[in-house]
Amino acid sequence: MTSQLDDMLGHFADIDALDLDGVEPMTQPYPLVNVLRDDTVAPGLDRDEVLAAAPDPDSDRFRVPPILGLDG
Amino acid sequence: MGRAVELAAGVRSGEVRAADVVEGYLSAIDAREAEVHAFNLVLADAARERAAAIDAVVASGGDPGPLAGVPVALKDNLCTRGVPTTCSSKILDGWRPPYDATVVERLAAAGAVVVGKTNLDEFAMGSSTENSAFGPTRNPLDVSRVPGGSSGGSAAAVAAGFAEVSLGSDTGGSIRQPAALCGVIGVKPTYGAVSRHGLVAFASSLDQIGPFANDVADAALLLESIAGHDPGDSTSIPEVFPSLGASLRAGVEGVRIGRISDLPAGADADVEARLEAAFEALAAAGAEIVDVEVPAFTYGLTAYYLIAPAEASSNLARYDGVRFGLRVDAADTNAMYTATRSAGFGDEVQRRIMLGTYALSAGYYDAYYGKALKVRRLIADDFARAYERCDVMLTPASPSVAFPFGSKTADPFAMYLCDTYTIPSNLAGHPAMSVPFGSGADDLPVGVQVLAPALGEPVMFQVAAELERRAS
């Protein structure tokens with residue numbers, strides 16, 4: 001996989017030939033504006049349904065292995 | 001008139017029963033799905049129940065909607081409440097979303113009947129469906145060949161008659177290229193025209209949901225049914241989506257069709273020949289062919305394969321084995337992340353995550369991701385200049401007809417080249433669609449791509465409808 005990634009980066013060098021000074025980067029097709037909705041209560045997802053999809057739910061929480069490791 | 005339009009009209013008037021319609025398509029699935037493998041999941045019982053409910057609405061004098069009784073297949077990266085949604089990845093195997101995608105809600109409101117969830121390249125990353133964790137989809141026109149991708153299952157389902165229409169998603173060509181390879185219509189709408197709420201994210205600034213159909217009119221009907229503002233997607237366009245019906249009958253008299261004189265080479269001769277035939281057919285119908293230049297088109301591939309993996313590497317960080325999907329247990333959380341992702345993600349997804357994180361990393365951001373964003377601007381600017389002189393542009397949808405399994409899997413970059421002609425529209429956020437226009441090598445279909453500026457769907461469908469009339 002390393003050689004494949006290396007090969008791709010080689011192909012991607014084609015844009016090095018372009019003069020990009022002063023070109024404004026484009027992150028989105030349209031200028032993003034902050035979209036806010038009215039501050040009214042709307043129904044959210046059902047908590048039990050959401051937790052049912054977790055690999056290891058524990059009452060209202062997601063259980064994970066120790067964060068720092070057993071010898072940390 | 002398209003078949004979906006006819007079916008819906010028949011069901012709404014009570015002349016045709018949705019139950020009978022659906023049974024016909026389920027029989028087609030029974031007959032050939034084992035060979036084609038278009039679906040990750042066939043929802044036969046749910047489809048029958050839904051059809052019966054639609055017939056009951058009609059019987060009681062109600063109107064089930066513009067897609068009444070029309071069988072539709074959904075790409076398996078569209079969330080369906082309580083129904084497994086896998087993205088053809090082991091990391092989401094068995095996951096049941098707690099909500100429906102907005103497009104799924106809109107299809108239901110329009111009276112459509114979902115027959116199944118279709119196969120794709122894992123997380124929509126690929127051009128052949130060979131990257132699915134559940135095995136490839138085969139092209140119904142020649143099962144020794146790929147259907148294209150990543151929405152290969154949705155394209156194959158329509159081509160095989162398993163569903164009359166379907167939905168896919170298109171990040172760099174994932175609707176248009178499989179549509180071309182399977183000989184059906186495939187549309188990538190303007191970015192923001194269709195809500196992405198409930199579409200599992202790959203590259204959020206590029207992803208867009210769109211229809212597959214056997215007829216241009218059906219694709220228009222499906223697109224009209226799913227388009228429009230949605231508060232659940234902050235990139236959703238607030239304006240009302242334009243109506244397409246009048247465009248289908250308008251003809252192309254006086255429409256200016258752009259021919260890109262500096263289009264990157266690489267299309268096969270049979271594909272080039274059909275593109276030429278399309279220009280000639282439109283000229284014969286009264287359109288004006290105009291030569292235009294889009295110099296940055298050729299750099300789209302590089303910009304895309306830096307930007308899309310960068311966004312994917314961020315989006316896919318959510319698959320951490322904590323809240324949903326696969327977990328592979330380990331002694332601590334970091335080891336659990338690694339074990340889960342190593343087991344859950346296939347090679348192409350891992351490749352793109354690594355490529356994306358590399359392109360975004362502190363030392364290389366300016367050289368790769370930053371530069372790609374500037375190239376994206378050049379492409380949008382070049383398109384804007386070209387559209388001062390033409391209304392739409394025509395290119396091949398795919399450089400070749402459907403190719404045999406395994407022919408591009410050893411070299412990922414060879415697979416990436418499949419997207420050469422489709423990628424620039426995603427980078428610019430413009431609509432584009434593939435229309436079958438005759439056949440090429442081995443009698444396989446060739447798709448001609450119609451490109452239009454943002455919200456140029458009416459003129460795009462106008463030209464597509466003329467191509468459809470002239471193809472037969």
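## Where the two chains meet, and what chain B looks like inside

Let's start at the interface: 37 residues of chain A are in contact with 41 residues of chain B, where contact means that the C-beta atoms of two residues, placed from the backbone, lie within 7 Å. On the chain A side, the elements that give two or more residues are α1 and α2 (47-52) of chain A. Of these, α1(A) brings the largest share, five residues. Sorted by class, the side of chain A that touches chain B has 25 nonpolar, five polar and seven charged residues. Here Ala, Val, Leu, Ile, Met, Phe, Trp, Tyr, Cys and Pro count as nonpolar, Asp, Glu, Lys and Arg as charged, and the others, Gly among them, as polar. Helices (H or I, at least four residues) and strands (E, at least two) are DSSP runs, numbered from the N terminus.

Keep in mind that this is a predicted model, in which local features need pLDDT of at least 70, side-chain atom pairs count only at pLDDT 80 or more, and totals for chains, interfaces and linings use all residues. Residues are numbered from 1 along each chain as its sequence is written, while chains are lettered from A and ligands numbered from 1 in the order in which they are written.

How confident is the predictor? The model scores ipTM 0.92 and pTM 0.97. For chain A the mean pLDDT (the predictor's confidence in each residue, from 0 to 100) is 88, and 93% of its residues reach 70 or more. In chain B the mean is 97, with 100% of residues at 70 or more.

One residue of chain A is worth a stop. A:Pro66 sits in the segment after β2 of chain A. Leaving aside neighbours within four places in sequence, A:Pro66 is in contact with B:Asp332 and B:Thr333. A:Pro66 counts as partly exposed because it has 14 C-beta neighbours inside 10 Å; the cut-offs are 20 or more other C-beta atoms within 10 Å for buried, 12 or fewer for exposed, and partly exposed in between, with C-beta atoms placed from the backbone. From A:Met26, A:Pro66 is 40 residues away in sequence and 41 Å away in space, C-alpha to C-alpha.

Now over to chain B, which has 16 helices and eleven strands. The C-alpha trace of chain B spans about 65 × 55 × 45 Å along its principal axes. Of its 472 residues, 62% count as buried. Among contacts between residues at least 6 apart in sequence, 76% join residues at least 24 apart.

Zoom in on helix α1 (residues 3-13) of chain B, whose buried residues are B:Ala4, B:Val5, B:Leu7, B:Ala8, B:Val11 and B:Arg12. These residues cover an arc of only 165° around the axis, so they lie on the same side of α1(B); the arc is that of the directions from the helix axis to the C-beta atoms. What covers them includes α2 (18-36), α3 (44-59), β4 (165-169), β6 (209-213) and α7 (216-226) of chain B. After the helix comes B:Gly14, with a positive phi near 85°.
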